[in-house]
Amino acid sequence: MPDHKPALILVFDVNETLLDITTLEPLFERVFGDRRVLREWFAQLILYSQTLTLSGIYTPFGELGVGTLRMLGATHGITLADDDIHELKTRMSALPAHPDVVPALTRLRDAGFRMVTLTNSASTASPTPLERAGISHFFEHSFSVEAVQKFKPAPETYRQVAQALGVGMSDLCLVACHLWDTVGAQAAGGRGALVTRPHNAVLPAANVPPPDLCAADLTQLANQIIQRWQTV
């Protein structure tokens with residue numbers, strides 16, 4: 001392990017970046033008859049979280065997730081039962097880590113990088129989703145947007161991390177599988193590293209900052225981070 005830790009601190013998004021939301025698919029297959037509705041639900045959840053922030057409104061992410069599921073039921077002509085809502089909450093609290101997460105985090109930890117998380121989800125009592133997934137020990141702190149009552153990519157969400165850690169935004173690199181998240185971090189003065197996974201890609205449009213680094217999986221991205229930013 002290097003004697004001197006890099007100044008750059010890695011800030012990991014949680015849902016879909018570290019934790020695998022595809023384990024929710026059986027719920028959507030059972031309720032809607034199509035597991036692909038999961039993607040519609042997640043996209044609507046993100047859309048309305050950002051809508052609330054732009055409108056100066058805040059409601060916890062979990063409650064918004066339940067409301068979004070009920071909204072989708074209405075648009076699909078399906079009435080959600082209490083058991084369906086309970087299943088969503090149960091599955092969301094026990095999402096497993098993607099297979100590439102532990103190897104990548106181990107590699108980054110051994111290279112001396114400091115790592116924290118930043119999630120739209122509200123804080124929960126132990127065992128947390130990261131604890132249930134067996135990866136909480138990699139991170140020195142877990143941040144939630146509930147502290148600022150705004151959802152990512154509002155600049156305040158990223159700046160709270162820099163302030164709490166006593167560093168500048170330029171010392172942070174947001175690691176996420178959503179371009180809207182890396183764009184938000186970069187616009188706030190940080191850096192962005194994108195893991196595309198399935199269903200995510202770079203947006204080639206004017207004035208949209210491309211991520212500083214980009215890879216198809218977290219292991220490849222970890223190697224790029226070490227090559228670019230490790231100091232010894």
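The structure is a predicted model, in which local features need pLDDT of at least 70, side-chain atom pairs count only at pLDDT 80 or more, and totals for chains, interfaces and linings use all residues. Residues are numbered from 1 along each chain as its sequence is written, and side-chain values use heavy atoms, with hydrogens and water left out.

**Exercise 1.** State into which domains the protein is divided, and describe how they meet.

Step 1. Domain 1 is made of 9-20 + 97-229, and domain 2 of 21-93. These bounds come from an automatic or database domain assignment. The C-alpha centres of the two domains lie 23 Å apart.

Step 2. Take contact to mean heavy atoms within 4.5 Å. Then 18 residues of domain 1 are in contact with 16 residues of domain 2.

Step 3. Buried area is the accessible area (1.4 Å probe) that two parts lose on being put together, summed over both. For domain 1 and domain 2 this is about 1500 Å², 60% of it on carbon and sulfur atoms.

**Exercise 2.** Find the salt bridge across the interface of domain 1 and domain 2, and give the classes of the residues on the side of domain 1.

Step 1. A salt bridge is a side-chain nitrogen of Lys or Arg within 4 Å of a carboxyl oxygen of Asp or Glu. The rule finds 1 salt bridge across the interface.

Step 2. The side chains of Glu 16 and Arg 39 form a salt bridge, with 2.4 Å from N to O.

Step 3. The side of domain 1 that touches domain 2 has 6 nonpolar, 6 polar and 6 charged residues. Here Ala, Val, Leu, Ile, Met, Phe, Trp, Tyr, Cys and Pro count as nonpolar, Asp, Glu, Lys and Arg as charged, and the others, Gly among them, as polar.

**Exercise 3.** Locate two cis peptide bonds and two residues with positive phi.

Step 1. Most residues other than glycine have a negative phi, and most peptide bonds are trans.

Step 2. The bond from Ser 126 to Pro 127 is cis, with omega near 5°. Pro 127 is in the loop between strand 2 (114-119) and helix 6 (129-132). Helices (H or I, at least four residues) and strands (E, at least two) are DSSP runs, numbered from the N terminus.

Step 3. The bond from Lys 152 to Pro 153 is also cis, with omega near 15°. Pro 153 lies between strand 3 (142-144) and helix 7 (155-165), in a loop.

Step 4. Phi is near 85° for His 199 and near 70° for Asn 207. His 199 is in the loop between strand 5 (191-195) and strand 6 (213-215), and Asn 207 is in the loop between strand 5 and strand 6.

**Exercise 4.** Is Asp 100 buried or exposed, and which residues does Asp 100 contact?

Step 1. Buried means under 20% relative accessible area, exposed over 50%, and partly exposed in between (1.4 Å probe, protein chains only). Asp 100 has 12% relative accessibility, so Asp 100 counts as buried.

Step 2. Leaving aside neighbours within four places in sequence, Asp 100 is in contact with Arg 197, Asp 217, Leu 218 and Thr 219.

Step 3. The side chains of Asp 100 and Arg 197 are joined by a polar contact of 2.9 Å. A polar contact is a pair of N or O atoms within 3.5 Å; within protein, one must be able to donate a hydrogen and the other to accept it, and residues adjacent in sequence count only if both atoms are side-chain atoms.
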